[in-house]
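Take a look at the chain below.

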Amino acid sequence: MSFQTIRRPSASGSQSARSVTVRRASRADLPALERIEAESFSGDRLSPRSLRTLIARPSASVLVAQLGAEVVGSVIVLYRRTASVGRLYSLAVEPRARGLGVAVKLLGAAEEDAVSRRQSAVRLEVRADNAAAIALYDRAGYRISGRRTNYYQDGETALLFRKTLAPQKAAASVARAAAAAR
Ligand SMILES: CC(C)(COP(=O)(O)OP(=O)(O)OC[C@H]1O[C@@H](n2cnc3c(N)ncnc32)[C@H](O)[C@@H]1OP(=O)(O)O)[C@@H](O)C(=O)NCCC(=O)NCCS
């Protein structure tokens, strides 16, 4: 399957994925996480309370990407004791930091996190009209495993994506993604 590509800024210039670091979020990151949610989603947003709960929840990983001193993106993965498939619950990069490879780095870090928790795959849902995210997941090796009509608040369909993680495979795909983002 191929997806339409939208013109967007290139990663050239002084800021690039090279200066991006990914780390685990703490409560101090809540204002930045709330800002990124507000700037990235018009509906189905995570509330400040949900974000605070997720940061503290052992069965969730909330990771943030920093560009210099600033938090510019986040990814949230949810886990279940009874399942070996992590759910990529949210991924967002603030508008002015897009096109720099930040999402690729966050996705790689989320996959590493899932591997460290002995997960065999990662799954996620994405709006069928979200061309940028669909292209990102397609490029990162995610494949469509189903669809759910009328899934979002506004009635949009969700595409279900899934990627199988082998420990060595995940490490290699993270390295590839980082190299491609340079
Ligand atoms: C989708 C999103 C996370 C991408 O973040 P980003 O940091 O700009 O993405 P990257 O720079 O890492 O791009 C990696 C790849 O994603 C795809 N991509 C990203 N933005 C794209 C766009 N506007 N159009 C087409 N493809 C795009 C491309 O395949 C790109 O690879 P390339 O640079 O070699 O073309 C960001 O646009 C965003 O936060 N959107 C709003 C929230 C959202 O939709 N989250 C996903 C919900 S499931």
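A residue is buried if 20 or more other C-beta atoms lie within 10 Å of its own, exposed if 12 or fewer, and partly exposed in between, with C-beta atoms placed from the backbone. The model here is predicted, so local features need pLDDT of at least 70, side-chain atom pairs count only at pLDDT 80 or more, and totals for chains, interfaces and linings use all residues. Residues are numbered from 1 along each chain as its sequence is written.

Begin with the overall build. The chain has 182 residues, and 34% of them count as buried. It holds five helices and seven strands. Both are DSSP runs, numbered from the N terminus: helices are H or I with at least four residues, strands are E with at least two. Along the sequence, the order reads β-α-α-β-β-β-α-β-α-β-β-α. Two residues are in contact if their C-beta atoms, placed from the backbone, lie within 7 Å. Among contacts in the chain with a separation of 6 or more, 66% join residues 24 or more positions apart.

Now turn to the ligand. A residue is near a molecule if its C-beta atom, placed from the backbone, lies within 6 Å of it. There are 22 residues around the ligand, and R98, A103, A132, A135 and L136 come nearest. Which elements each supply at least two residues of this shell? They are strand 4 (85-93), helix 3 (102-116) and helix 4 (131-139). Helix 4 gives the most, with six residues. By class, the shell has 14 nonpolar, five polar and three charged residues. Here Ala, Val, Leu, Ile, Met, Phe, Trp, Tyr, Cys and Pro count as nonpolar, Asp, Glu, Lys and Arg as charged, and the others, Gly among them, as polar.

Next comes a helix pair. Two packed helices are described by the angle between their axes and the distance between the axes. Helix 1 (residues 30-40) and helix 2 (residues 48-56) pack at an angle of about 130°, with axes 10 Å apart. That makes helix 1 oblique to helix 2. Angles under 35 degrees count as roughly parallel, over 145 as roughly antiparallel, 65 to 115 as roughly perpendicular and the rest as oblique. Axes are lines fitted to C-alpha atoms, for helices over the stretch in contact, and angles run from 0 to 180 degrees between N-to-C directions. On one side of the contact are L30, L33 and E34 of helix 1; on the other are P48, L51 and R52 of helix 2. This contact has four nonpolar, no polar and two charged residues.

The loops hold some details too. R118 sits between helix 3 and strand 5 (121-127). R118 is not a glycine, yet its phi is positive, about 60°. R118 is exposed because 11 other C-beta atoms lie within 10 Å. N150 lies in the loop between strand 6 (143-148) and strand 7 (158-164). Its phi is also positive, near 55°, and N150 is a residue other than glycine. N150 has 10 C-beta neighbours inside 10 Å, so it counts as exposed.

T157 is in the loop between strand 6 and strand 7. Is T157 exposed or partly exposed? T157 is partly exposed because 15 other C-beta atoms lie within 10 Å. Leaving aside neighbours within four places in sequence, T157 is in contact with A128, R147, R148, T149 and Y151. T157 and E125 are 32 residues apart in sequence, but 9.5 Å apart in space, C-alpha to C-alpha.
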